[in-house]
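Hi,

Here is the structure I promised to pass on. Have a look at it first, and then read my notes below.

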Amino acid sequence: MLLKKSIRKRLSKLEKTQYYPLEDTREMIARLNLNENFVIDKEEMIRLANETLREVDFRLYPNTEQDELIRCLSEKYGLSKDCFALGCGEDQLIDMLINVFGRRNKVVSITPTFPVYRYRTLLHGGIFIGVPLNSDFSLNVEKLVKEGKETNLLFICSPNNPTGNQFSKKVIEEVLSSVECLVVVDEAYVDFAEYSVYPMVSNYENLVVLRTFSKAYGLAGLRLGYMITSPRVAKPIATVAQLTYPVVNFALKMATKLIRNDDLVLKAVKQVKEERERLYNELIRMGIDAKRSQANFILFKSPINPKRFYNALVKNKIIIRNSGMFFGDHYFRVTVGTRELNDMFIKVVKRIINK
């Protein structure tokens, strides 16, 4: 039996919808394209994982682990438990917010930025409006506010992916106080930066802060994120819009353990920051236009023909993110890895540009 016409039509539309492209990394030695955390102590993570395996009961739904993590986050941030909602990765929370507040509506963000905001808006039948950053990667507040007054949902990634810069608290507050829509500040990389805007949720009902355990906490494979916002927003999101059990108990328990073993995370963050500075300086010494970063990656202009540069890296079993064209130049984004991975990248780049 053939599919009915309405289903075929929907599938054809899906096939034409843009989605987040993933590179094939199976043959790669240095996987420096997804901003994963290679620095956090793997042996210690395995120890905590083994502890978690002994403590969780996979026969049960994760009520206890969910409540425990929420309580732990509440203590960490000094906010009510009603200010939090969990998700199966930050991406799932982004999708849910767009589905609830942006479906068949206008969704606003900046450009260049994390492309998932755009892709999920288009999937849900919305119109995506990208407000270009200024040439120094700062926010164009006037245009952002203008567009924000005509939407329910405005995304600001800070530190921004792929540019790596963090927007000032003053600028974020200016946007928050000028619009009535939900302003979603995506802080996936904030642990590598100088500050967070989460304390502002006490003053701004329209602020939603997104966080993830995929970056600083090294749990990319477990898919766990959360939002911090006013109880007015968090409660209906967590109890009605969200799935009943969006995150498995193993992931919830691991996240709780990592929060309570903060030294492990802080040590890794410190090492990433040190390696980020070293990698940046090495790129500058090679004459490459690299950008200062407050994340665990560095954006830089292609030093030679972009296609030739990328293919040469892949030939050497190194993969980085091709960020494409903006402001008239072709950019790449490289994850800050371990010292050994960064040395491998530096050595190969030197060989490519001196060939």
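Let me start in a loop: Pro112 sits between β3 (106-111) and α5 (116-123). Helices here are DSSP runs of H or I with at least four residues, strands are runs of E with at least two, and both are numbered from the N terminus. The peptide bond leading from Thr111 into Pro112 is cis, with omega near 0 degrees.

Before going further, some housekeeping. This is a predicted model, where local features need pLDDT of at least 70 and side-chain atom pairs count only at pLDDT 80 or more, while totals for chains, interfaces and linings use all residues. Residues are numbered from 1 along each chain as its sequence is written, and side-chain values use heavy atoms, with hydrogens and water left out.

Pro159 is in the loop between β5 (153-157) and α7. As a reminder, most peptide bonds are trans, and most residues other than glycine have a negative phi.

On the phi side, Asn35 is not a glycine, yet has a positive phi of about 60 degrees. You will find Asn35 in the loop between β1 (30-32) and α2 (42-55). With a relative accessible area of 1%, Asn35 is buried (buried is under 20% relative accessible area, exposed is over 50% and partly exposed is in between, using a 1.4 Å probe and protein chains only). Phe137 has a positive phi too, near 70 degrees, and belongs to the loop between β4 (127-132) and α6 (141-148). Phe137 counts as buried at 7% relative accessibility.

Which residues of α6 are buried? They are Val141, Leu144, Val145 and Gly148. These cover an arc of only 95 degrees around the axis, so they sit on the same side of α6 (the arc is that of the directions from the helix axis to the C-beta atoms). Glu142 and Lys146 are exposed on the other side of α6. The buried residues of α6 pack against β3, β4, β5 and α7.

Helix α11 (residues 306-315) has Phe309, Tyr310, Ala312 and Leu313 as its buried residues. Down the axis of α11 they fall within an arc of 160 degrees, so they line one face of the helix. The face turned away from that buried side carries the exposed residues Lys307 and Lys315. Among the elements covering the buried residues of α11 are β9 (297-301), β10 (318-326), β11 (329-335) and α12 (339-353). At the start of α11, a side-chain oxygen of Asn305 comes to within 3.2 Å of the backbone nitrogen of Lys307. Just after α11, Lys317 takes a positive phi of about 65 degrees.

Helix pairs

How do α9 (residues 249-260) and α10 (residues 262-285) meet? Their axes come within 5 Å and cross at roughly 75 degrees (axes are lines fitted to C-alpha atoms, for helices over the stretch in contact, and angles run from 0 to 180 degrees between N-to-C directions). That makes α9 roughly perpendicular to α10 (65 to 115 degrees is roughly perpendicular, under 35 roughly parallel, over 145 roughly antiparallel and the rest oblique). Leu258, Ile259 and Arg260 of α9 make the contact with Asp262, Leu264 and Val265 of α10, where contact means heavy atoms within 4.5 Å.

The axes of α10 and α12 come within 11 Å and cross at roughly 5 degrees, and the two helices are therefore roughly parallel to each other. The contact involves Glu275, Arg278, Leu279, Glu282 and Leu283 of α10, and Arg339, Asn342, Asp343, Phe345, Ile346 and Lys350 of α12. By class, that is 4 nonpolar, 1 polar and 6 charged residues (Ala, Val, Leu, Ile, Met, Phe, Trp, Tyr, Cys and Pro count as nonpolar, Asp, Glu, Lys and Arg as charged, and the others, Gly among them, as polar). Glu282 counts as buried at 16% relative accessibility, and touches Ile346 and Lys350, leaving out residues up to four places away in sequence.

One more residue

Ile172 is in helix α7 (residues 169-176) and counts as buried at 0% relative accessibility. Leaving aside neighbours within four places in sequence, Ile172 is in contact with Ile156, Phe167, Val185 and Val197. Ile172 and Ile156 are 16 residues apart in sequence and 8.7 Å apart in space, C-alpha to C-alpha.

Cheers

How values were computed. A polar contact is a pair of N or O atoms within 3.5 Å; within protein, one must be able to donate a hydrogen and the other to accept it, and residues adjacent in sequence count only if both atoms are side-chain atoms.
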